[in-house]
Amino acid sequence: MNYGQRGVDLLRELKRSDWLPSYNEDSVRATIQEINLHTAELHDIVRANNRVGNDTSTGGGGSAPVPIEMRPVMLLHEVSIKRNKRCLLAYHAHRIDKLRALRWETAGNLATPMKFVLSEAEVDFFHEYDKLASRHAIGGSMGGLDWNADQNPPEENFIQVRVVQAGLGKIETEMCGVVELEVGSMHYLPRSDVEHLVRQGALVQLGGEESF
């Protein structure tokens, strides 16, 4: 039996994915079942060894030392348990980190295509994390800051964008007045006014040969 392979396969799925692969509940369950099987095997070995020790002991009771020929088998089970646990923890920690980053990139907007690759628990986590982040952003002495703004200093205050989503209508900008965002139209607008639309995928930032 190739112990630990399902756990390793979970991590390989993450590595091959551009963002996140669909939550692999079957492989997660199989990895947990393998952990339980290894644990049961260890318990059986210890119980069997204790029975032999009690049968041969004159004093009775207590735990008998494990025969040296059984120790490699026990070590194999123990290492397999730890390896599978590490794989499961790494798999879920990576996905949670991606969801935390997504919340700040999209200002809490979880697009429908992204929901399809998440488990129900992950969707719940995203919404609960969004609630916590929103409460933090609007409270306290720093509540006036835009916590969803780009975490890296922008290279320019204005950016060139193309509208790719219908139904945006008009927006009022601080320096350019009212701008109508029709599909296919291109605009040169203040970053602070449209950055949230770029994150949501409604606008595409242009650069290089695509620029005006």
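Trainee: Through how many residues does a hairpin join S2 to S3?
Mentor: This is a predicted model, in which local features need pLDDT of at least 70, side-chain atom pairs count only at pLDDT 80 or more, and totals for chains, interfaces and linings use all residues. Residues are numbered from 1 along each chain as its sequence is written, and side-chain values use heavy atoms, with hydrogens and water left out. Strands are DSSP runs (E, at least two residues), numbered from the N terminus, and two of them pair if DSSP finds at least two bridges between them. S2 and S3 run antiparallel with four bridges, and the hairpin joins them through three residues.

Trainee: Is Asp 130 buried or exposed?
Mentor: Asp 130 lies in helix H5 (helices being DSSP runs of H or I, at least four residues), and in contact terms (heavy atoms within 4.5 Å) Asp 130 touches Arg 103, Ala 107 and Gly 108, not counting residues up to four places away in sequence. Buried means under 20% relative accessible area, exposed over 50%, and partly exposed in between, with a 1.4 Å probe and protein chains only. Because its relative accessibility is 16%, Asp 130 counts as buried.
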